[in-house]
Amino acid sequence: MFFPKLAPLIILFFLQNLLISNSINALTPPKAKPRSQINAINQFLTLQNKARVALRMPPLVWDAGLARYADMYARQRRQDCLLRHSNGPFGENIFWGSGDRWTPAQAAMAWVGEQRWYRYGSNSCYGGRECGHYTQIVWKKTKRIGCARVTCFGGRGVFMTCNYFPPGNYIGEKPY
């Protein structure tokens, strides 16, 4: 049996409970990241930010939204380990290595290591080598980064990706 005069009170009761539960959720501290996740974040950031600091540029800041995007895409590569870009709206560096022991620091080292092939004067890569990962890292307008790592292809490989915002590597523009 429904009592029409009680309807406003019932609605008020539900709204009050909803507000209280949302207030409690807002006061609850966020879950701490596991130590291994913090270690991975630091490995991704350290060498990339050293490359930026060497050019007197501000360090990249970790962005949880970019990290979620990177993780979503990395999980898509779990089955095939293809070294293929996501073609998303962000700048993106990708890495693949056989075996399952590759670390975020090793991926960052490979990307930053491309510095030796970059020629600022001609804004090009020397000798047909790859240097676009490096230029994305040191792109002056880029401020934020988020990355992910997955073991893929049945443990026979590791796929890693970092996404950058704002993106860089615009044709005809120098990174810094």
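**Reading the largest pocket and its surroundings**

Author: By class, 9 nonpolar, 1 polar and 4 charged residues line the largest pocket. Here Ala, Val, Leu, Ile, Met, Phe, Trp, Tyr, Cys and Pro count as nonpolar, Asp, Glu, Lys and Arg as charged, and the others, Gly among them, as polar. This is a predicted model: local features need pLDDT of at least 70, side-chain atom pairs count only at pLDDT 80 or more, and totals for chains, interfaces and linings use all residues. Residues are numbered from 1 along each chain as its sequence is written, and side-chain values use heavy atoms, with hydrogens and water left out.

Reader: Which residues lie nearest the centre of the largest pocket?

Author: Rolling a probe the size of a water molecule over the atoms shows where empty space is left. A pocket is an open set of points on a 1 Å grid over the protein atoms alone, where a 1.4 Å probe fits, with protein on both sides within 12 Å along at least five of seven lines; lining residues have an atom within 4 Å of a point. In this case 14 residues form the lining, and Q37, W62, A67, C147 and A148 lie nearest the centre. Two or more lining residues come from each of α2 (35–54), α3 (64–76) and β5 (144–152).

Reader: Which residues of α3 are buried?

Author: An α-helix has 3.6 residues a turn, so residues three or four places apart point the same way. In α3, L66, A67, Y69, A70, Y73 and A74 are buried (under 20% relative accessible area, 1.4 Å probe, protein chains only). They sit on the same side of α3, because they cover an arc of only 160° around the axis, taken from the directions from the helix axis to the C-beta atoms.

Methods. Helix = DSSP H or I, 4+ residues; strand = E, 2+ residues; numbered from the N terminus. Buried < 20%, exposed > 50% of the residue type's maximum accessible area, 1.4 Å probe, protein only.
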